[in-house]
Amino acid sequence: MKRRGWNPATWVSLVPNGLGQVKPNHYWEMARTVWENRDNLGKAWRILNEGVCDGCALGTTGLRDFTMKGVHLCTVRLNLLRLNTMPPLDVRRLEDAAALRHLSGRELRALGRLPYPMIRRRGERGFRRIGWDEALNEIATRLRAADPRRIAFYLTSRGITNETYYVAQKVARFLGTNNVDNAARLCHAPSTTAMKQALGVAASTCSYRDWIGSDVLLFIGSDAPNNQPVTTKYLYYAKQHGTRIFVINPYREPGLERYWVPSVFESALFGTRLADRFFQIHTGGDIAFLNGVLKHLIERDWIDRAFIEAHTRGFADLQTALAGQSWAELEQASGSTRAEMLALAEALAHAKSAVFIWSMGITQHEYGVENVRAILNLALARGFIGREYCGVMPIRGHSGVQGGGEMGCLATAFPGGRPVNAEQARWLSAQWGFAVPDWKGLSCGEMLDAAHDGLLDVFYAVGGNFLDTMPDPNYIRAALSKPALRVHQDIVLTSQMLVDPADTVILLPAATRYEQRDGGTETSTEREIIFSPFIAPPPGEARSEWEILMQVAERAYPERSRLIRFADGQQIREEIARIIPDYDGIQRLRKAGDHVQWGGRILCRDGHFATPDGKALFAPLTPPQTQLPPGMFALKTRRGKQFNSLVHAERDPLNGAARDDVLINPDDAAQLGVREGEWVVLRSDTGEMRAKIKFAPLKPGNVQVHWPEGNVLIDARRRDAGSGVPAYKAVVSIHRVASEQPEQVKVNSQ
């Protein structure tokens with residue numbers, strides 16, 4: 001029965017606003033945001049009221065979105081607001097780099113915005129201010145002199161616009177290199193790879209509006225209330241319409257169990273129970289569990305045979321492979337039971353519609369592509385792709401990354417997802433008027449490997465902080481110290497800028513999306529291309545990001561600079577529409593609120609897939625082994641009160657965990673003989689970390705620590721073979737420590 005009024009059955013408690021419970025205090029955070037931005041409230045209000053959110057990839061325009069009526073605002077956006085309104089830093093602070101190294105990421109950001117170009121040579125204590133001409137000429141001279149295969153560009157997810165992504169990859173190819181990558185490599189590269197293989201598309205096949213009215217929402221390795229908290233409003237309304245929510249995860253995430261949605265009076269007052277059921281599995285047990293669910297569906301003939309026969313290939317091979325996998329094997333590899341697999345199979349069998357949602361709990365494994373293929377197998381077997389209230393959604397945690405790949409900011413793909421090969425390079429060369437390289441470039445991890453091995457001369461980073469985002473910080477620090485020239489184009493100071501130069505480090509002050517000349521666009525998780533207008537000028541001498549990149553290229557090769565020159569953002573959008581057919585319509589976005597959804601609400605509608613023969617492809621999958629040596633634990637990193645690696649608080653308001661806590665099942669702790677609050681040492685083959693025991697409803701044998709603090713335990717070269725995404729997990733042992741008070745170590749969190 002569909003419900004539209006208040007529903008006491010979903011209430012958490014009668015205690016108003018969850019007083020006394022571990023939960024976010026949204027109203028306090030709103031008040032704190034006002035206080036933090038009190039010196040620039042006018043700009044702050046215009047950003048919130050007119051700009052497109054630079055937080056997660058939900059894609060609000062102003063204070064509204066495209067799914068439901070009413071104000072839509074979340075704490076992630078509020079926590080990021082100060083980055084856009086703070087005054088410039090005092091550049092004299094940069095004169096001594098060593099004096100800044102003890103500061104955390106939060107403390108470095110709090111110094112203010114980067115206002116001027118800065119340079120530091122080998123042997124110098126710190127940075128000195130230089131003019132734009134000197135900075136651009138220095139970079140251009142180095143680029144022109146370097147072998148293009150020894151040049152690399154990396155772009156983060158820091159609110160970067162489609163225009164900047166497009167110009168960045170075009171600049172890289174103008175300079176003769178395909179060594180260009182973006183932050184999606186750390187998150188959803190396995191999703192892009194797997195979906196392209198199976199469906200022919202590399203984006204969410206449905207829209208957020210399909211959550212509300214679907215029979216089932218299945219979250220797999222995703223904690224949306226933490227990483228995309230604004231989606232809890234959708235979950236609230238989905239529950240009111242009778243949707244059942246299931247979660248596959250090693251940890252019973254508190255935010256998915258219950259949440260207080262601040263913009264819904266009923267939920268803000270009484271809270272909302274979200275997940276109807278958790279299916280707890282081992283870290284890395286997803287393929288085995290999903291295979292088991294599909295095995296039940298096949299054995300009971302609960303699959304959509306008409307859809308399979310008309311619109312797919314490879315099902316017979318998948319069926320044969322599953323028949324050869326015993327229940328005992330699937331139970332051992334998943335950490336679950338045959339009965340649990342049957343329970344989810346029954347729920348999907350009785351559902352007429354379902355949306356499958358996943359995030360980095362699925363992708364950040366050395367078999368991330370296979371994890372995603374397992375989800376796609378299940379969705380295809382039930383025919384839950386290509387119609388309303390159905391679909392598969394790799395939910396994006398960062399604004400802009402969906403567009404980053406589609407703009408061609410990838411080492412293996414040109415704009416529009418065209419593969420890097422000789423044929424496509426010739427086509428693009430004809431469009432652009434200069435020779436485009438046809439060789440596969442270096443992905444993010446490969447760039448760092450090349451830098452570490454002394455194979456990069458110029459490393460150009462637009463935003464980001466590899467010291468926090470990548471595994472094994474010691475390895476990364478060594479890699480960053482090798483290139484002769486490092487360029488950091490950013491809005492604030494980060495710890496990676498302070499790594500001593502092999503020869504030269506240059507800092508370039510960038511404008512945010514709200515300060516970008518002519519405005520810019522973002523592409524959301526649901527493929528909405530949204531225009532964000534110019535709000536206010538940037539501080540100091542900061543420039544729009546696409547203009548900086550273009551000017552570097554113009555000076556490197558002035559004799560052909562006309563081939564890389566754009567007069568304004570509108571000219572970029574017109575070229576995007578011409579080069580990338582799916583983006584036709586972006587050229588007509590000119591003011592706040594303008595948007596267009598490429599592909600429409602539903603992709604692969606009515607079973608018509610974008611593969612060569614129009615059919616989706618099943619994949620037989622063998623589950624990886626999750627059995628651990630005695631006394632060892634499977635460790636996975638997690639997010640707390642943070643955005644990307646920007647840590648906003650030392651304690652997670654959803655579960656109360658501190659940044660130096662290790663989440664562990666109480667039974668595992670008892671076997672180790674440790675109590676809650678006791679200090680331990682976690683050891684892996686890569687490194688060790690001191691942490692404090694915190695009990696949590698985790699699957700036994702699994703532990704979790706915060707990211708980036710836990711990166712010291714992760715092997716930098718352990719990656720998914722199909723996509724290059726780092727495997728942010730490790731096998732660890734846990735040891736008691738004699739001292740109750742460990743040495744205080746500050747982690748730079750940018």
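**Strand pairing and aromatic rings in a predicted model**

Biologist: In which sense do strand E20 and strand E26 pair?
Modeller: In this predicted model, strand E20 covers residues 633-638 and strand E26 covers residues 702-706. They are joined over 5 bridges. The sense of the pairing is parallel.

Biologist: Which residue is the bridge partner of Arg-638 in E26?
Modeller: Strands of a sheet pair through backbone hydrogen bonds. For Arg-638, the partner to look for lies in E26. That bridge partner is His-706.

Biologist: In what order do the 6 strands close into a barrel?
Modeller: The pairing around the barrel is mixed. From one strand to the next, the twist averages 45°. The order is E20-E26-E23-E25-E24-E27.

Biologist: How many aromatic pairs does the count come to?
Modeller: A pair of aromatic rings is described by the distance of the centres and the angle of the planes. To be counted, two rings need their centres within 6.5 Å. By this rule the count is 22.

Biologist: Which class does the pair of Trp-6 and Phe-265 fall into?
Modeller: The ring centres are 6.1 Å apart and the planes stand at 35°. Planes under 30 degrees apart would count as stacked and those over 60 as edge-to-face. The pair of Trp-6 and Phe-265 is therefore tilted.

Biologist: How many residues apart in sequence are the parts that Trp-6 and Phe-265 tie together?
Modeller: Trp-6 lies in the segment before helix H1 (26-36). Phe-265 belongs to helix H11, residues 265-270. The pair therefore ties together parts whose separation in sequence, in residues, is 259.

Biologist: Is Phe-265 buried or exposed?
Modeller: Its ring partner Trp-6 has a relative accessible area of 48% and is partly exposed. For Phe-265 the relative accessibility is 59%.

Biologist: What is the angle between the planes of Phe-279 and Phe-289?
Modeller: Phe-279 lies in strand E9 and Phe-289 in helix H12, so the pair ties together parts 10 residues apart in sequence. Their rings are 5.8 Å from centre to centre, and the pair is tilted. The angle between the planes is 45°.

Biologist: Is Phe-289 buried or exposed?
Modeller: Phe-279 is buried, with a relative accessible area of 1%. For Phe-289 the relative accessibility is 0%.

Biologist: Over the ring of which residue does the charged end of Arg-38 sit?
Modeller: A charged end must be within 6 Å of the ring centre. For Arg-38 the distance is 3.9 Å. The ring belongs to Trp-35.

How values were computed: Residues numbered from 1 in each chain as written. Predicted model: local features only at pLDDT ≥ 70, side-chain atom pairs only at ≥ 80, totals over all residues. Heavy atoms only, no water. Pairing = 2+ DSSP bridges. Helix = DSSP H or I, 4+ residues; strand = E, 2+ residues; numbered from the N terminus. Axes fitted to C-alpha atoms, helices over the stretch in contact; angles between N-to-C directions. Phe/Tyr/Trp six-rings, centres within 6.5 Å; stacked < 30°, edge-to-face > 60°. Buried < 20%, exposed > 50% of the residue type's maximum accessible area, 1.4 Å probe, protein only. Lys NZ or Arg CZ within 6 Å of the ring centre and 35° of its normal.
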